[in-house]
Structures are given as C-alpha cells and as structure tokens.
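Here is a short report for a reader new to this structure. Please look over the sequence and the model before reading on.

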Amino acid sequence: MFKILVAEDDKNTARLMKAVLRHAGYEVLLAGNGQEALELTDKNHVDLIVADVMMPVMDGYELVRCLREGGSQIPILMVTAKHLPEDKRKGFLVGTDDYMVKPVDEEEMLLRIKALLRRSQIASEHKLTIGKVVLDYDALTVSRDGESQTLPQKEFYLLYKLLSYPDKIFTRLQLMDEIWGMDSETVDTTVNVHVTRLRRRFEGYSEFEIVAIRGVGYKGVIHSEKK
C-alpha cells in the first residue's frame with residue numbers, strides 16, 4: 001500500500017483529503033504545516049506528498065525547497081488556492097512535480113497522483129534490494145536465489161521499515177505507531193515478538209540483521225557482501 005503525506009493546515013480539508021485517499025486505497029499521514037511534514041518524512045516511508053502552499057510555521061514552497069535541497073525525490077503535488085501564473089511558476093521552480101488550484105476535482109487529483117507515482121517508477125519498482133535479497137512491498141515477499149517467501153503483513157512492514165533506513169534506531173513506540181497505528185490497543189511487546197519471528201525466518205541470511213538497542217528499540221543493519 002502506498003503512503004501519502006498530506007500537508008494541510010485546514011483541518012476540514014485535511015480530513016476530506018484523507019477520506020478520499022483512503023477510499024482510493026492509500027495509507028495517509030497528516031501534517032498541519034511544512035515543519036511537521038519534514039519531521040514525518042524523516043520517520044516514515046512516504047511515497048508521495050500532497051502539500052498546501054499557505055501554511056503556518058513553514059509554507060509549502062519552503063517544504064519543497066528543503067526536501068529537494070536535502071536530496072529527496074519524493075513526488076510532490078501542490079494543491080492550493082494560489083492560482084496566479086507566478087504562483088505556479090514559483091512552485092515548479094522550487095521543485096514541485098505538479099500543481100492544482102483549489103477547489104480541486106477529487107477524481108482529477110487521484111489521476112494526477114497515479115501519474116506521479118507511475119512517472120517516479122514507484123508503482124512498478126516498489127522494491128528494496130539488498131545484495132541478492134529483494135523485498136517486494138506490494139506482494140509482501142522476500143526473495144533470494146530463486147526462493148521466495150510471503151510474510152504476514154505486519155512482519156513484512158516491520159522488516160521493510162527497518163531495512164529502508166539502515167542503522168537508524170527506531171523506538172518500539174515509533175514502530176507501533178506506524179505499523180499497528182496509534183489507535184491500536186496492541187502492546188509494545190508485540191514488536192519484540194515480531195522481531196523474534198523475523199530473526200528466526202532469516203537467521204541464515206548474511207545480508208542483513210535486526211539489532212536490538214537495549215532499552216530503546218531496534219535498527220536494521222545491512223552487511224556488505226563478503227569477499
């Protein structure tokens with residue numbers, strides 16, 4: 001499932017966008033301003049951003065500029081009431097990929113999102129490759145040397161998350177919030193159980209491992225190919 005971040009300070013608009021995107025099959029994160037959006041991209045795997053321009057703390061232009069200057073190639077769709085040619089020009093100059101003026105047609109917005117995902121090749125290459133190991137996000141499979149195994153959804157998402165950000169430490173609470181959801185009643189020991197299962201599944205794999213950080217959480221470690 002693709003994850004879309006909506007950066008929008010108007011709560012009603014944000015809720016509507018979330019409902020539309022969820023109905024279309026996307027996972028949705030919400031940010032009330034550009035700074036919150038940046039923080040969420042640091043902590044989450046995000047496939048695409050829908051950003052308003054006029055937001056407090058950090059506006060949409062500055063958000064896009066910061067992401068592009070930091071090397072991020074996440075597709076960005078600006079959705080804003082600013083409709084003048086110079087507004088659009090500024091949006092494209094800072095690095096946005098597409099631009100829509102409010103009020104937007106929901107179907108058109110979804111079509112543009114699909115096009116952005118397709119152009120960025122995320123739709124066809126939603127995979128993580130580590131040496132001979134390939135993690136296919138859409139199929140929930142881990143393959144190596146012609147052998148493939150399908151993981152339970154939560155196990156796969158946990159592994160994909162940790163290996164997408166090698167050496168980055170995630171607390172159990174962060175992992176719980178992202179994979180099980182903030183409203184989940186699941187206790188954080190569930191993360192430990194899933195890590196144990198993953199270690200057992202891949203104990204013969206030299207390409208990666210999941211390392212526990214005592215009292216904090218976990219990180220994924222990728223090993224260079226042995227000579």
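## Terms and basis

Contact means heavy atoms within 4.5 Å. This is a predicted model: local features need pLDDT of at least 70, side-chain atom pairs count only at pLDDT 80 or more, and totals for chains, interfaces and linings use all residues. Residues are numbered from 1 along each chain as its sequence is written, and side-chain values use heavy atoms, with hydrogens and water left out.

## Overall build

The protein has 8 helices and 12 strands. Both are DSSP runs numbered from the N terminus: helices are H or I with at least four residues, strands are E with at least two. The radius of gyration, taken over C-alpha atoms, is 19 Å, close to the 17 Å that the globule rule gives for 227 residues, so the protein is as compact as a globular protein of that length. That rule is 2.2 Å times the number of residues to the power 0.38. The C-alpha trace spans about 60 × 35 × 30 Å along its principal axes.

Buried residues make up 44% of the 227. Buried means under 20% relative accessible area, exposed over 50%, and partly exposed in between (1.4 Å probe, protein chains only). Of the contacts with a separation of 6 or more, 56% join residues 24 or more positions apart.

Strands of a sheet pair through backbone hydrogen bonds, either parallel or antiparallel. Here, an open sheet of 3 strands runs in the order S10-S12-S11, with antiparallel pairing. Strand S10 (170-171) and strand S11 (208-213) are the edges, and each pairs on one side only. Two strands pair if DSSP finds at least two bridges between them. S10 and strand S12 (residues 217-222) pair over 2 bridges. Thr171 stands opposite Gly217 in S12.

## A buried lysine

Lys161 sits in helix H6 (residues 153-164). Its relative accessibility is 4%, so Lys161 counts as buried. Leaving aside neighbours within four places in sequence, Lys161 contacts Lys43, Asn44, His45, Phe170, Leu175 and Glu178.

## Backbone exceptions

Most residues other than glycine have a negative phi, and most peptide bonds are trans. A cis peptide bond joins Lys102 and Pro103, with omega about -5 degrees. Pro103 lies in the loop between strand S5 (98-101) and helix H5 (106-119).

Leu140 is not a glycine, yet has a positive phi of about 60 degrees. Leu140 lies in the loop between strand S7 (133-136) and strand S8 (141-144). At 17% relative accessibility, Leu140 counts as buried. Asp145 also has a positive phi, about 50 degrees. Its loop lies between S8 and strand S9 (147-150). At 58% relative accessibility, Asp145 counts as exposed.
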